[in-house]
Amino acid sequence: MSLINDMLKDLEKNSKQKETPLSDQSTLPNLKSVIEEEKLSYFAHYMPIVRIAALILLLLLLVVLTYFLISKKTVHSLSVSVPIVSSPAPITTPDQTPTIVQPTQVQLQELSVEQAQQTTKLVLIFSDPVHYELNMSDDHTVLSLRLNSTTLSGVMPDLKALSTAIESIQSNIDQQDLVLSIKLKPNTIVQTVDMTETAPIQLSLLFNSANVTAAASEVSDETSMVSTGGVEKQLLSNSSDALAEKNYQDALHLISQDQIDLAITKLENGLSQAPNYVAARTTLIKLLLKKGLIQEALKSANDGLALTPDSIALIQLKARAQLQNNQLQDALITLHQISPTLADAPDYYALMANIQQRLGHAPIAAQLYAQLLEKWPNHAIWWVGLGAALESQHQPNAAAQAYHRALTAGELSPDLQAFVQMKLAKMGGG
């Protein structure tokens, strides 16, 4: 019994010893501190790994986002192009056979060359609108004119006998295109190129050359103080008129040999075969006027105008014939039938100015001469006309200045030079 009591006492004693540390609150703070240090030590050990993992995760997110954006753009681009690539080809049924449109074959119906002082005008008239290309050679002596899908309706005129800025025109066909090689005189420049889009379809090229001299067929009229100009060469309407062309060329050769009567006969024969050959008719009228055959010249001019009523050259020559016949008012009425531009027909308006001056309309004449000289200030004969018009208006100082300009221009004939010097001497400015 005592033994059992002793064992119980020992157990109670041991139990009190174990409870004593737990009840001792002074030891708790130290224990918490140790635990916190262990936790911090643990996290400090793994913190670099966590940071690296976070960085890797961020990079992965950026890569995924970039790929997503690029993929989105690529898909958008494909979605736009898919309908074009996958569009089905049109189905052709027997009743819907596609028509192949052939280019319109254009005909060059007429070619003319007109000369006024140092200006040469080349005019081409076509049956339909035409696309053209111009190329100048490196030495600026050959102008190539390519006319797409164009054929030549007639024979190409020979320009060697004419005094223009154009020496010759050669034609050839290159892959259904008509190519005109226009050989120019030295120091010739292309001033303007103009195509009309309404009928008649007309391509006009304006050349200027200081080397152009008076043509053999040109008829001078110094008493009227107007340069004739208007040398014209026209392409015939069909190749059957080649005989008329030969007569014209023969006439030019006879003119160069001063065989005027034979030349007139050749020209009349040619016009009987081709009455609408304007170049031959204008040359004939000039020769008739030179011989003083005014009525014959007027008849030929009227015959030509019945066929080509808008021909500037024929209207101008008819007015000259009327002027030479002292029909001043009729000549002015004739010139007023059409209204060409000043740039296209300077001699036309110079003749009009001369007629106005003779009718006593000096202010109108002076205005016309001034407009002409504004564009062509070195034309001596127009300075003479302006001087006469100003003198008629009792403006001696201005007239003297115009006469002086005429002398310095250096284009006057000896007779006109003497006339101007006489005028200046009377005015005290010689």
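**Exercise 1.** Find the angle at which helix 5 (residues 278-290) and helix 7 (residues 312-324) pack, and name the contact residues.

*Solution.* Helix 5 and helix 7 pack at about 10°, with axes 10 Å apart. Axes are lines fitted to C-alpha atoms over the stretch in contact, with angles from 0 to 180 degrees between N-to-C directions. Helices are DSSP runs of H or I, at least four residues; strands are runs of E, at least two. The pair is therefore roughly parallel (angles under 35 degrees). Next, contact means heavy atoms within 4.5 Å. Helix 5 gives V278, R281, T282, I285, K286 and L289; helix 7 gives A313, L314, L317, R320, A321 and Q324.

The model is predicted: local features need pLDDT of at least 70, side-chain atom pairs 80 or more, while totals for chains, interfaces and linings use all residues. Numbering starts from 1 along each chain as its sequence is written, and side-chain values use heavy atoms, without hydrogens or water.

**Exercise 2.** Locate the largest nonpolar core.

*Solution.* A nonpolar core joins buried Ala, Val, Leu, Ile, Met, Phe, Trp, Tyr and Cys residues through side-chain atoms within 4.5 Å. Buried means under 20% relative accessible area, with a 1.4 Å probe and protein chains only. The core has 70 residues; Y277, L335, Y348 and L386 touch the most other members. Helix 11 (residues 380-392) supplies the largest share, 9 residues. Domain 2 (239-337) and domain 3 (339-429) both contribute, so the core lies between them. Domain bounds come from an automatic or database assignment.

**Exercise 3.** Is L203 buried or exposed?

*Solution.* L203 sits in strand 9 (residues 201-209). Its relative accessibility is 0%, so L203 counts as buried.

How values were computed: Parallel < 35°, antiparallel > 145°, perpendicular 65-115°, else oblique. Buried < 20%, exposed > 50% of the residue type's maximum accessible area, 1.4 Å probe, protein only.
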